[in-house]
Amino acid sequence: MRLVVVGCAGSFAGPDGPASSYAVQAEDGSGHTWTTVLDLGNGSLGALQRVVDPFEVDAVALSHLHPDHVADLCGLYVYRKYHPGRGVVRDPGLGPLAVWGPPGTEARIAEAYGSHDDEDLRSVFAFRTWAPERQVRVGPFVVEVVPVRHPVEAYAIRVTGPSSERPGEQATLVYSGDTDACAGLVEAARGADLFLCEAAFQEGRDLVDGIHLTGYRAGRAAHAAGARRLVLTHLPAWNDPQVALAEATAAYAGPVELAAPGATYTL
């Protein structure tokens with residue numbers, strides 16, 4: 001099981017890469033590679049094509065509906081609809097791609113794209129609504145969500161799949177989505193092999209409550225959850241990432257890294 005960082009810029013695409021998007025991949029018993037994409041923020045579809053053929057994506061899992069996490073679903077719709085060789089227009093038998101998200105996901109994407117034809121959108125995407133008590137299976141992955149603290153309905157996403165480092169065992173990746181400190185975040189990250197956690201704010205500078213974590217608060221959550229590894233993400237271009245790193249290491253004794261576009265982590 002591996003995580004590929006497609007985009008990790010916070011709140012908007014940065015000069016060095018797109019907004020939030022992460023590909024989680026693993027092989028099943030037959031050797032087939034399965035890909036679940038966590039979020040698809042603005043600018044990320046271009047970078048995603050360096051990781052996986054968009055027709056080979058098996059599911060998209062959305063943490064919440066802010067544009068820096070969902071905007072490029074509009075581009076993915078165009079790609080899967082109108083591709084001259086493989087799109088729905090050319091191949092009506094192509095099944096719709098599962099898109100999991102909060103309530104209202106279909107309406108949000110339809111509004112963003114400007115679609116007034118629900119059936120047209122559904123020819124490309126099969127929209128599914130998260131239920132925190134329900135597990136979702138995507139090939140070798142089990143996906144679960146836990147509500148977290150953000151101005152809109154938002155979830156941390158927990159993905160369990162076959163470990164690449166411990167053959168025959170399972171590994172767990174937890175993605176915070178966007179959140180401030182809350183019990184749900186610690187619950188989601190409990191015992192994670194890799195905790196991919198946002199750190200958009202800085203201690204003492206950003207005093208707005210209930211929106212984002214700082215590096216320090218991300219580190220505290222990782223410590224409380226007993227996560228084995230912390231990767232900081234969703235860092236806005238105006239931030240010095242070394243500040244987030246220093247804050248996190250002050251609160252968490254385990255290994256801490258900064259996410260970077262194209263970085264790959266094995267679990």
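Patches here are made of residues with over 30% relative accessible area and no salt bridge, joining like charges within 9 Å and nonpolar side chains (Val, Leu, Ile, Met, Phe, Trp, Tyr) within 5 Å. Accessible areas come from the Shrake-Rupley method with a 1.4 Å probe, and for residues only the protein chains shown count as cover.

This is a predicted model, in which local features need pLDDT of at least 70 and side-chain atom pairs count only at pLDDT 80 or more, while totals for chains, interfaces and linings use all residues. Residues are numbered from 1 along each chain as its sequence is written, and side-chain values use heavy atoms, leaving out hydrogens and water.

**A patch and a helix pair**

V78, Y82, V89 and Y113 make a nonpolar surface patch of about 370 Å². Of these, Y113 lies in helix α4, residues 105–113 (helices are DSSP runs of H or I with at least four residues, strands are runs of E with at least two, and both are numbered from the N terminus). Y113 counts as partly exposed because its relative accessibility is 35%; buried means under 20%, exposed over 50%, and partly exposed in between, with a 1.4 Å probe and protein chains only.

Two packed helices are described by the angle between their axes and the distance between the axes. Helix α3 (residues 73–82) packs against α4 at an angle of about 80°, with the axes 9 Å apart. That makes α3 roughly perpendicular to α4, a label for angles of 65 to 115 degrees. The axes are lines fitted to C-alpha atoms over the stretch in contact, and the angles run from 0 to 180 degrees between N-to-C directions. Where do the two helices meet? L73, C74, Y77, V78 and Y82 in α3 meet I109, A112 and Y113 in α4, contact being heavy atoms within 4.5 Å.

**Buried residues**

S21 is found in strand β2 (residues 21–27) and is buried, at 0% relative accessible area. Leaving out residues up to four places away in sequence, S21 touches V5, V6, G7, V37, L38, D39, L40, G41 and S44. One of these contacts, D39, lies in strand β3 (residues 33–40). D39 is not a glycine, although its phi is positive at about 65°, and D39 is buried with a relative accessible area of 0%. H234 also has a positive phi, near 60°, and sits in the loop between β12 (230–233) and α8 (241–251).

H150 lies in the loop between β8 (141–147) and β9 (155–162); with a relative accessible area of 12%, H150 is buried. Beyond four places in sequence, the contacts of H150 include H64, H66, D178 and H212. H150 and H64 are 86 residues apart in sequence, and their C-alpha atoms are 9.1 Å apart in space.

**Salt bridges**

Side chains of opposite charge can pair when their charged atoms come close. The whole structure holds 14 salt bridges, each a side-chain nitrogen of Lys or Arg within 4 Å of a carboxyl oxygen of Asp or Glu.

| Pair | N to O distance |
|---|---|
| R122 and E106 | 2.7 Å |
| D209 and R149 | 2.4 Å |
| R228 and D193 | 3.5 Å |

R228 is exposed at 52% relative accessibility, whereas D193 is buried at 13%. D209 counts as exposed at 56%, and R149 is partly exposed at 32%. A network of salt bridges links R149, D180, E203, D209 and R217.

Note on methods:
Parallel < 35°, antiparallel > 145°, perpendicular 65-115°, else oblique.
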